[in-house]
Amino acid sequence: MSHIKLIKSDQEHEQAIARLMSLMDTDPASGTCEADEIDVLALLIERYEQENFPIDPPEPIEAILFRMDQEGLKKKDLVPFMGSAPKVTEVLNGTRSLSLNMIRKLSAGLGISAEVLIREPSQQAANENEIDWQAFPLAEMRKRGYFEGFTQTLQELKEYAAEQLSRFISSVPRGFSLEPALLRTTAHSRSNDKEMDSYSLWAWQIRVLQRAQEELLSSNYEKGTIDLTWMRKLAQLSWSDQGPLLAKEYLNQGGIHLIIEPHLPKTYLDGAVCLSGAGNPVVALTLRYDRLDNFWFSLMHELAHIALHVDGTEAWYIDDLDAEGSDQVEQEADALAQEALVATECWESLSGVDSASVRSLAKSLTISPCIIAGRLRHENSNHQMFGTLFRDKVRGYFLGSC
C-alpha cells in the first residue's frame, strides 16, 4: 500500500481519484493491500467532498414531485396532506408555501424528511417546539394586529398558525421561555379562582415586550429610583386633567416603560411588571376597568413591585387586583401603593364620606378626588357610593374613543 494521508487540497483530491481509478482497473482480490487501499481512498475522497462540495438538499417541491413519480401519485392523492385540490395546485405551482401542518402530514404520509421540506426559520422554530398552536386566541390576535403584515383570512391564519406565531414569539428576546409550561417558575402571579388561559397570557406578554422594544426611553433605569417620595410626586400628577399622560412621561424619564395593552380573553389581568430586553422595568396595564382611580392604584401597585420585589430572579409579576387573599408579596405592594397615594395619617384625618370631604382631602394632597372616592368605595364594598361623581374614565387617554 502506497503512503496514504488526509486530502487537504483540490490537487491532492485529483491525485487520490486518479490513484483510486488506477487501482480499480486492476480489480484486486479482497484482502489484498491494494483492495484495502481502495477502501481507505474512497473514505478519504468522500470525506473531502462532503466538506468541500456539499450537495444541497432538494427543494421541497422537487422532493414532493420525485416522491409522486416514485409512487405513481396524482395531484388528487395529495389532497389529504394539503387540505384541498386548489391548495395542492398552488403549492406545486409555487404560489403557496407549505405550512408546518402540511409538512408534518407529508412527512408522515409520504416518508419525505421534514428537514427536506422545511425552509423557513419560523418553520424550524415551530417544528422544534411542541406547542398547541391552535390554543392561542388567533381571532382576537388577528383583530388587534398582532401579526404585522398579515392580511389574510382567519382560516389562513389557522393553517399557518405555527409559522405566524413562531415569528411573533421570536420577535422578543427569550420569547419561548414564557411558554405556559414554564410559567409557574418564571412569574409571580396574583390571580383569582378563575382559571387563566395560559396561551392568551403568553400572547399578551409577548405583545407587551414587543411594544416596550419599540419604545425609546430618554434614560436607563437606575435601581433605587422608585421610593415613596418619588411615588408621591407621581401621584400628584393625578391633579391634572392630563394626569395619565403626564404619568407616562414621568415614568419614561425615569427609564421605565408604561405600556397600555388591553387584556386578552380569559386572562383577568389588571397589570404586570417585567424587564425589557434592555433591562429596563416595564409596567403594563390593561385598563380592564375604565376608571381613573383604578388606573392610579394599578400603576402604583406595579411600581411598588419594582421598588420592593424586582431583583432579576422573578421574570414577571402578574396581577388580577380583584383576587382575594393575596400573599405577602401582594400585600406589601398594596400597602406601598396606598401609602404613596394617601399617607396613613392623612387617610385617618378624613372627616367624612361625603363629596365635600373627598374634595377637601384631595385638594390638600394635590391628587385627583377620584383616588379618594375609589378607595372609599373599595373599603366600604359599595361601588354605588357617590353615585355618578368621581367616576372619570381613562381609556380615552391611551386607546382613543372607547
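**Reading the pockets**

Tutor: Let's start with helix 13, which gives the lining of the second largest pocket its largest share, 3 residues. Helices (H or I, at least four residues) and strands (E, at least two) are DSSP runs numbered from the N terminus. This is a predicted model: local features need pLDDT of at least 70, side-chain atom pairs count only at pLDDT 80 or more, and totals for chains, interfaces and linings use all residues. Residues are numbered from 1 along each chain as its sequence is written, and side-chain values use heavy atoms, without hydrogens and water.

Student: What is the volume of the second largest pocket?

Tutor: Rolling a probe the size of a water molecule over the atoms shows where empty space is left. A pocket is an open set of points on a 1 Å grid over the protein atoms alone, where a 1.4 Å probe fits, with protein on both sides within 12 Å along at least five of seven lines; lining residues have an atom within 4 Å of a point. The second largest pocket has a volume of about 360 Å³. Its 22 lining residues include Arg174, Leu209, Leu275, Ser276 and Gly277, which lie nearest the centre.

Student: And which residues lie nearest the centre of the largest pocket?

Tutor: Arg291, Phe297, Leu321, Gly374 and His378, out of 26 lining residues. The volume of the largest pocket is about 780 Å³.

Student: Which helix supplies the largest share of that lining?

Tutor: Helix 20, with 6 residues. Helix 16 (292–308), helix 17 (328–341) and helix 20 (369–379) each supply at least two.

How values were computed. Points joined across faces, edges and corners; volume = space filled by probe spheres on them.
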